[in-house]
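Subject: Handing over the structure, with notes

Dear colleague,

Here is the structure I promised to pass on to you, with my notes below it. Please read them with the model open beside you.

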Amino acid sequence: LLPPLKVAVTGAAGQIGYALVMRIASGEMLGKDQLIDLNLIETEAGMSPLRGVMMELEDGAFPLLSSVTATSDLNKGFGDINYAMLVGASPRGPGMERSDLMAANAKIFAEQGKALNTSAAVNAKVLVVGNPANTNALVASENAPDMWEEQFIAMTRLDQSRAQALLAEKAGADVKDVDRVIIWGNHSASQYPDLSHARIGGKWAKSIVKDDKWIKDEFIPRVQKRGAEVISARGASSAASAASAALDTVRDLHLGSGDAWQSNAVVSDGGYGIHKGLWYSVPTICKGDSHFRRVQRLPIDDFSAKMMTATEKELIEERDAVRHLLPG
Ligand code: NAX
């Protein structure tokens, strides 16, 4: 067995956290030969349900779990961690405007960025799940001046998985045969799920589906609004699928997923003409060295360019709304 890696999960007693920590403990994320130290971080109010989660982790008798720590102290929770999964965020309260929510969360992620900067292992990787995920990642990174911006990723993998599943269903194919589906931009309804490069069994998906109207009028809006569709059916937001996507993201970073394209919201390097410094979802390749490489210079048609600019615009507005929390 490999010596323990330290993983921190914030919001560990919430819906996503509950589903996520069990699967991390089982070895599905970092490999079946990897010991794990789990640091679970919650608010003071979350400490009581978190005690229950701790008990269930004990009761799972997971052979790979070498320790579990529960804390609301960020420096303790992030101490020497290799991976941080930032799931906890402030929920939208009654009468709260989107801008209020943005400000409340920016404050949380500014504090977490500072604590990661002080306490995390030098090569730590941080996955932001809590919404607004892209802008939270930007705020956390800007508050962690000693860390590389590439150490912070915001999650758009759930959107990618939703898009893959929908395309597979339309084509009557297996989801495992669908690849190169891209999510561009923000993890919000402005995202652009793009099938221009998608393949099914190695063949160009558009030559199989041959239905541009379905792509524009059904596929794109359905992926963009899938979160709302789940809420209206379940009475609660996506949790198990979100946990699965978070696990997939970190597993691919850590163990690699070959040449497959995985959408991740990462700092823009100016590629595709996207404003530098925004956390913008692009296709990446994860070779398993805990880094990602951006898939560069794909041809972009006019429709895609328009969609990519619209979601970029929303990210610029979000960044401007939290400017007061950006030190630079
Ligand atoms: P829950 O409300 O069930 O759980 C959130 C947990 O976080 C609570 O236990 C709360 O006590 C804790 N928390 C709040 N502030 C905290 C802080 N400052 N430090 C530590 N813990 C804190 O929400 P859940 O359904 O688990 O969703 C969590 C977040 O994921 C939300 O922001 C949600 O919008 C976001 N999502 C992001 C997705 C993505 O694809 N990027 C998809 C799913 C999900 O909607």
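Where does Gly201 lie? Before going further, please keep in mind that this is a predicted model. Gly201 sits in the loop that runs between strand 10 (199-200) and strand 11 (203-204). The residue is partly exposed, because 13 other C-beta atoms lie within 10 Å, where 20 or more would count as buried and 12 or fewer as exposed. Once its neighbours within four places in sequence are left aside, Gly201 is in contact with Ala173 and Asp177. Lys176 is 25 residues away from Gly201 in sequence, while their C-alpha atoms are 8.6 Å apart in space.

Turning to the chain as a whole, it contains eleven helices and 14 strands, and its C-alpha trace spans about 50 × 45 × 40 Å along the principal axes. A compact globule of 328 residues would have a radius of gyration near 20 Å, and the chain, with 19 Å, agrees with that. Of the 328 residues, 45% count as buried. Among the contacts with a separation of 6 or more, 74% are between residues 24 or more positions apart.

The chain is divided into domain 1 (2-154) and domain 2 (157-321), whose centres, taken over C-alpha atoms, are separated by 23 Å. Where the two meet, 27 residues of domain 1 are in contact with 27 residues of domain 2. On the side of domain 1 that touches domain 2, the elements that give two or more residues are helix 1, strand 4 (83-86), helix 4 (98-119), strand 5 (125-128), helix 5 (133-142) and strand 6 (152-154). Helix 1 provides the largest share of that side, with six residues, and by class the side has 17 nonpolar, five polar and five charged residues.

UniProt, in an unreviewed entry, places the feature "domain: Lactate/malate dehydrogenase N-terminal" at residues 6-145. Over residues 6-145 the chain is 43% helix and 20% strand, with the end C-alpha atoms 22 Å apart. The UniProt annotation "domain: Lactate/malate dehydrogenase C-terminal", also marked as coming from an unreviewed entry, covers residues 156-321, a span that is 47% helix and 17% strand and whose end C-alpha atoms lie 21 Å apart.

Now to the ligand. It is surrounded by 28 residues, of which the closest are Gly11, Gly14, Gly46, Gly88 and Ala89. Both domain 1 and domain 2 give residues to this shell, so the ligand lies between them. Helix 1 (residues 15-25) contributes the largest share of the shell, three residues, and the shell divides into 13 nonpolar, 14 polar and one charged residue.

Finally, some details of the backbone may be worth a look. Asn131 and Pro132 are joined by a cis peptide bond with omega at about -5°, and Pro132 lies in the loop between strand 5 and helix 5. Asp80, in the loop between helix 3 (74-77) and strand 4, has a phi near 60°, a positive value in a residue other than glycine; with 13 C-beta neighbours inside 10 Å, Asp80 counts as partly exposed. Tyr272 likewise has a phi near 60° and is placed in the loop between strand 12 (262-267) and strand 13 (279-286). Tyr272 is partly exposed, with 19 other C-beta atoms within 10 Å.

With best wishes

Definitions and conventions:
Residues numbered from 1 in each chain as written. Predicted model: local features only at pLDDT ≥ 70, side-chain atom pairs only at ≥ 80, totals over all residues. Near = placed C-beta within 6 Å. Helix = DSSP H or I, 4+ residues; strand = E, 2+ residues; numbered from the N terminus. Nonpolar A, V, L, I, M, F, W, Y, C, P; charged D, E, K, R; others polar. Domains from an automatic or database assignment. Rg over C-alpha atoms; globule rule 2.2 N^0.38 Å. Contact = placed C-beta atoms within 7 Å. UniProt positions renumbered as here; feature names shortened; annotations may be inferred.
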